[in-house]
Amino acid sequence: ASGSSDNTIRIWDANSGEQIGKTLTGHSGYVNSVTFSPDGTRIVSGSDDYTIRIWDANSGEQIGKTLTGHSGYVSSVAFSPDGAHIASGSSDNTIRIWDANSGEQIGETFTGHINGVTSLAFSPDGIHIVSGSFDETIRIWDANSGEQIGEPFTGHSGSVDSVAFNPDGTRIASGSSDNTIR
């Protein structure tokens, strides 16, 4: 699945490179982030229009309501490993957790970054979320309470544009506009 500056999402056959099904439309701004649910049946997207949308991966139809609440563009979205929750990071410096079925926000908004959140990921067990930001830090959060765990990781001299947990959740990789990976 790919999101584009033409405000659309497309699904592609990984072997042939051909588009599958219709182009997904509905966002009114650039689509910055897309990801499949763990079972592959849904796609979640985040956009410059400040919204998150959930799509049926087979029909291309939007599922449920549009998720709103961020006051800035949505830069990153992720499904929890069990597919029950969606995390979203935004240029409004916050992270929100959503119920993937009802579309309702769960708990309080995560705050702590002093600049826009650029990337986020759930830990493999779904207990933690890691986030990267234009503020050049990486933060780890309790996915249930929204509490920050420990101090921010520092060391990059540019925005942290990509973060990921390793498969057993013991390491985090980060990529930055400072041209380094840590």
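**Close-up views of a predicted all-strand model**

The protein has 0 helices and 16 strands, where helices (H or I, at least four residues) and strands (E, at least two) are DSSP runs numbered from the N terminus. This is a predicted model, in which local features need pLDDT of at least 70 and side-chain atom pairs count only at pLDDT 80 or more, while totals for chains, interfaces and linings use all residues. Residues are numbered from 1 along each chain as its sequence is written, and side-chain values use heavy atoms, with hydrogens and water left out.

View 1. The C-alpha trace spans about 45 × 35 × 30 Å along its principal axes. A compact globule of 182 residues would have a radius of gyration near 16 Å, and the protein, at 16 Å, agrees with this; the radius is taken over C-alpha atoms, and the globule rule is 2.2 Å times the number of residues to the power 0.38. Of the 182 residues, 44% count as buried, a term that means under 20% relative accessible area, with exposed being over 50% and partly exposed in between (1.4 Å probe, protein chains only). Among the contacts with a separation of 6 or more, 36% are accounted for by residues 24 or more positions apart, contact meaning heavy atoms within 4.5 Å.

**View 2. The open sheet of β7, β8, β9 and β10.** These 4 strands follow the order β7-β8-β9-β10 with antiparallel pairing, two strands being paired if DSSP finds at least two bridges between them. Strands β7 (74-79) and β10 stand at the edges with a single partner strand each, so one side of each is left without a neighbour in the sheet. From one strand to the next the twist averages 15°, as given by lines fitted to C-alpha atoms (for helices over the stretch in contact), with angles running from 0 to 180 degrees between N-to-C directions. Although β7 is an edge strand, 6 of its 6 residues are buried.

**View 3. Strand pairing around β8.** On one side, β8 pairs with β7 in the antiparallel sense over 5 bridges, and Phe79 stands opposite Ile86 in β8. The hairpin of β7 and β8 has 5 residues between the strands, and within this hairpin Gly83 takes a positive phi near 75°. Strand β8 (residues 85-90) also pairs with strand β9 (residues 94-99), again in the antiparallel sense and over 5 bridges, with Ser88 opposite Arg96 in β9.

View 4. Leaving aside neighbours within four places in sequence, Ile95 is in contact with Ser88, Gly89, Thr109, Phe110, Val117, Leu120, Ser131 and Trp141.

Rings of Phe, Tyr and Trp (its six-membered ring) pair if their centres lie within 6.5 Å, with planes under 30 degrees apart counting as stacked, over 60 as edge-to-face and the rest as tilted. By this rule the count comes to 1 aromatic pair. The ring centres of Phe110 and Trp141 are 5.6 Å apart and the planes stand at 40°, so the pair is tilted. Phe110 belongs to strand β10 (residues 105-111) and Trp141 to strand β13 (residues 138-142), so that the pair links distant parts of the chain, 31 residues apart. Both Phe110 and Trp141 are buried.

**View 5. The surroundings of Ala100.** Ala100 is found in the loop between β9 and β10 and is buried, with a relative accessible area of 5%. Leaving aside neighbours within four places in sequence, Ala100 is in contact with Arg42, Ile54, Phe79, Gly83, Ala84, His85 and Ile86. The C-alpha atoms of Ala100 and Val44, 56 residues apart along the chain, are separated by 9.1 Å.

View 6. Strand β4 is joined to strand β5 (residues 42-47) by 5 bridges, and Val34 stands opposite Ser45 in β5.
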